[in-house]
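Morning, everyone. Let's bring up the structure.

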Amino acid sequence: MTMRWMAMFLWTALAGGGEPPALAITGQVERFAPGVVSTSFSEIRLTLSPDGGTAIWFSRDRPGGAGGYDLWMSRRTGEGWSVPAPLPFNSAGRDFDPAFSADGRQLYFCSDRPGGLGGDDLYRVAVTGDGFGAVEWLGPTVNSAGNEFAPMLSPDGGRLLFSSDRAGGAGRQDLYLAARDGNGFAPAHGLPGSINTAADEFDATFLGDGATIVFSRAADLRRDRVDLYIAAAGPGGYAVGQRLADGVNHPRHDSYAPMLDWSQPDRLLFSGKRDEHGGMDVFRVAYALPATR
């Protein structure tokens with residue numbers, strides 16, 4: 001199946017109606033850095049630095065890392081993207097779901113390394129001129145005894161979006177938001193509105209407006225296909241959301257791990273499987289929000 005699709009289609013609503021389309025695709029869906037980032041291994045949730053010069057993602061099966069799930073980095077050079085290297089703070093456990101902050105000064109990620117509250121917790125490291133600072137656990141106002149996935153700081157730096165299967169949610173994985181409080185975060189709360197359901201909602205990203213989100217949903221992520229959805233903020237919070245059209249989603253294979261491209265905020269990155277024998281690759285596509293939003 002070709003990796004390029006015709007541009008200028010609209011996102012479709014959930015079957016049976018729903019919100020009007022909230023997003024338009026203005027470019028072609030393209031595999032990101034084929035042969036370097038997108039390979040025969042599974043590459044998931046790539047984040048780009050604001051200057052576009054550094055790509056970080058995680059792989060659950062690329063050899064050469066410290067554990068089964070590791071964070072990898074490639075730098076843009078005059079000849080293209082450099083050979084990927086594992087990040088120095090990978091652990092022997094699971095390190096995944098990286099996300100640069102909008103200013104590029106911090107990298108958020110998930111890990112099940114010792115020292116958390118249980119399962120996968122949220123962490124961050126400072127991005128320095130010569131590498132990275134010390135790993136910092138985000139604390140009990142954000143983390144729980146359950147699993148926390150996919151941290152993403154809002155463009156204004158004031159809100160942390162993530163998912164968790166902690167007790168008290170609407171389903172298994174639900175979307176949560178924590179407001180910035182000094183150098184940390186206030187206690188997290190479920191994303192308001194009807195977006196959290198009995199299904200699994202996870203892997204969310206803000207879009208360039210700092211309000212609209214794209215997220216992943218599956219009836220049960222352990223056995224069902226995962227698709228990408230979009231939801232806009234309204235007076236009552238976030239509506240249940242719309243499934244994105246085929247071309248971004250796939251009719252048979254998983255599509256998930258969306259991430260705003262900080263170097264070009266009108267670009268969306270995501271991971272998807274596009275054939276029967278390959279793994280997850282990273283894709284990028286241009287989008288536009290309605291001018292009235």
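**Aromatic pairs and charges over rings**

Start with two residues: Phe58 is buried, and Phe96 is buried too. Keep in mind that this is a predicted model.

Now the overall count. Searching the whole structure gives 12 aromatic pairs. Phe58 and Phe96 make an edge-to-face pair, because their ring planes stand at 65°, and over 60 degrees counts as edge-to-face. Their centres are 5.7 Å apart. This pair links distant parts of the chain. Phe58 is in strand S4, residues 54-59, and Phe96 is in strand S8, residues 95-100.

Next pair: Tyr108 with Phe185. Also edge-to-face, with 70° between the planes and 6.5 Å centre to centre. Tyr108 lies in strand S9, residues 106-111, and Phe185 in strand S16, residues 184-185, so the pair ties together parts 77 residues apart in sequence.

Are these two buried or exposed? Tyr108 has 1% relative accessibility, so Tyr108 counts as buried. Phe185 has a relative accessible area of 5%, so Phe185 is buried as well. The cut-off for buried is under 20%.

Back to Phe58 and Phe96. They belong to one aromatic cluster, together with Tyr69 and Phe149.

Last topic: charges over rings. Which ring does the charged end of Arg166 sit over? The ring of Tyr176, 4.8 Å from the ring centre. For Arg217, the charged end sits over the ring of Tyr229, at 4.7 Å from the centre.

That's my tour. Questions, please.

Terms used: Residues are numbered from 1 along each chain as its sequence is written. This is a predicted model: local features need pLDDT of at least 70, side-chain atom pairs count only at pLDDT 80 or more; totals for chains, interfaces and linings use all residues. Side-chain values use heavy atoms; hydrogens and water are left out. Rings of Phe, Tyr and Trp (its six-membered ring) pair if their centres lie within 6.5 Å; planes under 30 degrees apart count as stacked, over 60 as edge-to-face and the rest as tilted. Helices (H or I, at least four residues) and strands (E, at least two) are DSSP runs, numbered from the N terminus. Buried means under 20% relative accessible area, exposed over 50%, partly exposed in between (1.4 Å probe, protein chains only). A charge sits over a ring if NZ of Lys or CZ of Arg is within 6 Å of the ring centre and within 35 degrees of the ring normal.
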